[in-house]
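Thanks for coming. I will go through one model today, starting with the strands and ending with a helix pair.

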Amino acid sequence: MKVLSTPSKQNIKSAARALIEGHLVAFPTETVYGLGGNAENVQAIEKIYVAKGRPINHPIIVHISSSTHLSDWAITIPEYAFTLAEKFWPGPMTLILERSEKADDFITGGQKTVGVRVPNHIVALDLLREFNEIGGRGIAAPSANLFGKVSPTNAEAVADAIGSKLSEQDWILDGGNCKIGIESTIVSCLSAKPYILRPGAVTEEMIKAVVQLEVNTETEVKHSGSGDNHYAPIAQVFLDEIPNIGDGFFALREFPTPLGAVRLASPKNLNDFASELYEAFRLADKKGIDKIFVMSPPRIGLGIAIYDRLAKSRYKN
Ligand code: TXA
Ligand code: MG
């Protein structure tokens, strides 16, 4: 495994080549790190499932270099989906569309739809472009963590989570810390109007400013993170409760640390709250802390996505 490689032009070229040859490449995006494989190669995608310990019926997002490649993977694309793509790509938004023939069952988990995204990260985009140059069409990539665990927001977190599952020919490209730190907004584009399946940094207000949004939170469409025990660290996560001595504490800077608690981070605003959250969870696990107390942020803007992840990671007894 080529661990923690600097994303030089040469390394990105070699990593793109490795993808074409059926190997895996973990790479940074603006949201979280992805574990990538050639979306047209069933053996490569099987390796992703094995490395993550992921159930086979969970679909994987296909990453493309620009919306011009959308028609490779999706058909009957509604006009509003093009509007969203135009407005928010490259960026932290995944569109769920009717799949093309190329989007095989091993990508879509057997569903008739496919998730597609253009990430906004220089390393991801360079990798995708190099991959296109040598005949690749899309990089399928779930977050580069073990199934149900916290998404990695830096290369070291990737190596810790799945490094031991990768082979000599696989790569981890080190692009530093992810700017956003929580996973993309997932928007279903299968009805007359779009609706949000997973909130993210492209917020409801941002989407409503360009297209009409379906008011619908219930959906039959399977998407990960909707089950219990998702996005969870080893430590038990508690929301808006008072920690005891030795417990972990994560809150906006304006909240003082309760006596005896271990401050994990002091984000100054919602953006920092999102980008520091998963690393704080990882830090707590490394320190052997059993309980993490999080003061949940205001549920506006990005706070809605943060709260969604907190609600999923919280300890359920
Ligand atoms: O920000 C992100 O979205 C990151 C980066 C790497 O792009 N990726 C990510 O992938 O979070 P993943 O697999 O950990 O979570 C994406 C979720 C999946 O759980 C999957 O269920 C859902 O997107 N998804 C993918 N294709 C879908 C589809 N056709 N229909 C419904 N949900 C889908
Ligand atoms: Mg994930």
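First, a definition: two strands pair if DSSP finds at least two bridges between them. Helices (H or I, at least four residues) and strands (E, at least two) are DSSP runs, numbered from the N terminus. This is a predicted model, where local features need pLDDT of at least 70, side-chain atom pairs count only at pLDDT 80 or more, and totals for chains, interfaces and linings use all residues. Residues are numbered from 1 along each chain as its sequence is written, and side-chain values use heavy atoms, with hydrogens and water left out.

Start at strand S7. Its partner S6 runs antiparallel to S7, with four bridges, and Glu98 sits opposite Thr113 in S7. Strand S4 (residues 62-63) also pairs with S7, here in the parallel sense over two bridges. In that pairing Val62 is opposite Val116.

Next, the largest nonpolar core, which has 47 residues. Such a core is a set of buried Ala, Val, Leu, Ile, Met, Phe, Trp, Tyr and Cys residues joined through side-chain atoms within 4.5 Å. Among the elements giving two or more residues to it are S6 (93-99), S7 (113-117) and helix H4 (79-88). Leu97 is one of the residues that touch the most other members. Beyond its neighbours within four places in sequence, Leu97 is in contact (heavy atoms within 4.5 Å) with residues including Leu70, Pro78, Thr113 and Val114.

Elsewhere there is an open sheet of four strands in the order S12-S15-S13-S14, with parallel pairing. Strands S12 (236-239) and S14 (262-265) are at the edges, each pairing on one side only. S12 is joined to S15 (residues 291-294) by four bridges, and Val237 is opposite Ile292.

Last, the helices. The axes of H1 (residues 9-20) and H6 (residues 122-133) come within 9 Å and cross at roughly 55°; axes are lines fitted to C-alpha atoms, for helices over the stretch in contact, with angles from 0 to 180 degrees between N-to-C directions. H1 and H6 are therefore oblique to each other, since under 35 degrees counts as roughly parallel, over 145 as roughly antiparallel, 65 to 115 as roughly perpendicular and the rest as oblique.

Notes
Chains are lettered from A and ligands numbered from 1 in the order in which they are written. Buried means under 20% relative accessible area, exposed over 50%, partly exposed in between (1.4 Å probe, protein chains only).
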